[in-house]
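Dear colleague,

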Amino acid sequence: MVRPGLPKLIATDLDGTLVRSDDTVSAYTHEVLDRVRAAGIPVVGATGRGPRLTQLTRNDIRAADFLVMAGGGRVVDQSDPDGPLVLRDEWLSGAVLAELLTELEAAVGPLTVMVESSDEHDAPLWGDYHASWPYQDRFEARSRAECLSGNVIKAFARTADHHVDELLDVAQRIVPPHTATLTQAGLGFVEICPPGVDKATGLGVVAERLGVDPAEVLVFGDQPNDLPMFSWAGWARVAVANAHPAVHAAADEATLRNDDDGVAVYLDRLLTR
């Protein structure tokens, strides 16, 4: 049940939740988030985007005091007066990833694989070309050996023979949690992150820094990579109307679609009730 009063911390996913289908965030949403901060509630952008997209992320959620990026692997305190402070920075071993992919391909067949191997601004993903990947302007074809030659922030994998939810289910049965964290974010690819990395553990870093209990945190999301923070947060878990069925099942409430500024509408009502 939703607690009375106001939460002590608010975290929202970006793509598919706060950000609209045309890749914009409305002036109304920015204004409501500014009011949230003015009410003394810190705002967190919790996203699967890697640190190479930090500038884009800051523009999409300008009110954010903290960023939880790469699905929880990179956590940044933006409220520090001396400038952004990295609180968490997790990477996955290329050798471990190579073994994991070998085991997975033995079970499901050949995989299309991409890796996020750099945190430099607008750095491309490396790997196998696939026409369905929506961000071709930030992609560079590289061999599997090149992709796995060093540590990576995360990897993406898909197969033509499995729906992404089916592939995720198989992968989670094969890959133990101490090896990697597996999820999907609505892009048609299973995402492979370092062990112990998800949005809940990333938000945990923020909550500990602020002295906030998870029971005092309100979260918004739309895809399975948001489920860990839905399990972790206790004030309320809110799904946008366009969310994945698993997210709706885990939510306390639903709000309007991302294209209808569902997060802002919910927060506006929360602030004025």
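Cys147 counts as buried, at 4% relative accessibility, where buried means under 20% relative accessible area, exposed means over 50% and partly exposed lies in between, with a 1.4 Å probe and protein chains only. Cys193 is likewise buried, with a relative accessible area of 2%. This is a predicted model, in which local features need pLDDT of at least 70 and side-chain atom pairs count only at pLDDT 80 or more, while totals for chains, interfaces and linings use all residues. Residues are numbered from 1 along each chain as its sequence is written, and side-chain values use heavy atoms, with hydrogens and water left out.

A search of the whole structure for disulfides, meaning pairs of cysteine sulfur atoms within 2.5 Å, finds zero. The closest cysteine sulfur to that of Cys147 belongs to Cys193 and lies 16 Å away, which is too far for a bond.

Turning to the helices (DSSP runs of H or I, at least four residues, numbered from the N terminus), H3 (residues 94–108) packs with H5 (residues 164–174) at an angle of about 125°, their axes being 10 Å apart. The axes are lines fitted to C-alpha atoms over the stretch in contact, and angles run from 0 to 180 degrees between N-to-C directions. Contact here means heavy atoms within 4.5 Å, and the residues that make it are Glu103, Leu104, Ala107 and Val108 of H3 with Leu167, Val170, Ala171 and Ile174 of H5.

Methods. Helix = DSSP H or I, 4+ residues; strand = E, 2+ residues; numbered from the N terminus.
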